[in-house]
Amino acid sequence: MTDLAFGIDIGGSGVKGAPVDIATGESTAARVRIPTPQPATPSAVAKTVRDVLDSFDLPSDVAVGVTVPAVVHNGVTRSAANIDKKWINAPAQDIVSDACGRPITLLNDADAAGLAETYYGAAQGQPGLVIVTTLGTGIGSALIYNGILVPNSELGHIEIDGMAAEKRAAASIRTAEDLSWNAYIKRLQTYYSTLEFLFSPDLFVVGGGISKSSEKFLPFLDLRTPIVPAQLRNQAGIVGAAMYAHQQRKG
Ligand code: BGC
């Protein structure tokens with residue numbers, strides 16, 4: 001019998017969901033994607049999450065995990081760097097659960113990606129400290145120590161030269177400032193050297209859309225910590241959310 005859970009990833013442009021077999025981390029059906037409503041307030045997005053769920057005939061006892069690009073503390077979203085400001089201090093887990101008519105578990109998007117890489121991807125079986133970073137619109141991070149997630153690390157917001165790191169080194173900044181790979185690599189070097197100095201991790205995993213071009217930048221970073229591309233690509237949020245909800249359900 002498959003151990004099934006459902007993952008939903010709330011992104012800036014789309015809300016995507018699929019059922020996931022927890023034993024393998026594979027989706028058991030094609031994912032459904034609905035454009036993110038604008039403005040992307042918690043209540044509008046919650047309805048879209050419900051619509052994604054309603055596209056599947058899901059038994060009521062299946063655990064549902066939902067990612068959001070914000071700090072999630074005890075079900076309350078506490079930040080909104082790249083989403084609608086109404087998420088700040090919103091009881092978002094309750095808002096989404098109420099809209100869906102079933103309990104859902106909310107977590108940070110990068111934390112979900114980190115869990116997915118730990119259980120099914122690039123950090124499988126890695127002891128010690130793994131730092132997963134996602135380079136996208138912003139920079140997300142997950143800290144995983146011996147397989148256990150330390151949530152809400154927000155390492156995209158550490159300040160380097162007086163600026164939040166994600167305002168210098170997110171993938172979106174490379175595009176917005178039309179940076180050459182060389183110029184972008186310099187910024188990544190500063191970022192990852194700083195993380196290495198602060199945390200002495202055992203492995204860095206780099207995710208986000210840009211990780212499919214990892215050969216353009218990862219080999220040029222000078223670090224003592226191994227640094228590898230993420231393996232789950234755009235499924236990481238869905239898979240990690242499903243995995244987390246399943247774990248929480250089991251206690
Ligand atoms: C947010 C994080 C999020 C990351 C990636 C950052 O701006 O503060 O919570 O994980 O973007 O979406």
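## Asn 89, a residue with positive phi

Let's start in the loop between β7 (76–77) and α2 (92–100), which is the place of Asn 89. In this predicted model, Asn 89 takes a positive phi of about 65° even though it is not a glycine. Asn 89 counts as partly exposed because its relative accessibility is 47%, a value between the 20% and 50% cut-offs.

With a relative accessibility of 44%, Arg 233 counts as partly exposed.

The peptide bond that joins Gln 38 to Pro 39 is cis, with omega at about -5°.

Our last stop is in helix α6, spanning residues 181–199, which holds Glu 196. Glu 196 counts as buried because its relative accessibility is 8%, and the cut-off for buried is under 20%.

What does the side chain of Glu 196 pair with? It makes a polar contact of 2.5 Å with the side chain of Thr 225. Setting aside neighbours within four places in sequence, Glu 196 is in contact with Leu 223, Arg 224 and Thr 225, as well as with Pro 201 and Phe 204.

Conventions:
Residues numbered from 1 in each chain as written. Predicted model: local features only at pLDDT ≥ 70, side-chain atom pairs only at ≥ 80, totals over all residues. Heavy atoms only, no water. Helix = DSSP H or I, 4+ residues; strand = E, 2+ residues; numbered from the N terminus. Buried < 20%, exposed > 50% of the residue type's maximum accessible area, 1.4 Å probe, protein only. Polar contact = N/O pair within 3.5 Å; in protein donor to acceptor, adjacent residues only side chain to side chain. Contact = heavy atoms within 4.5 Å.
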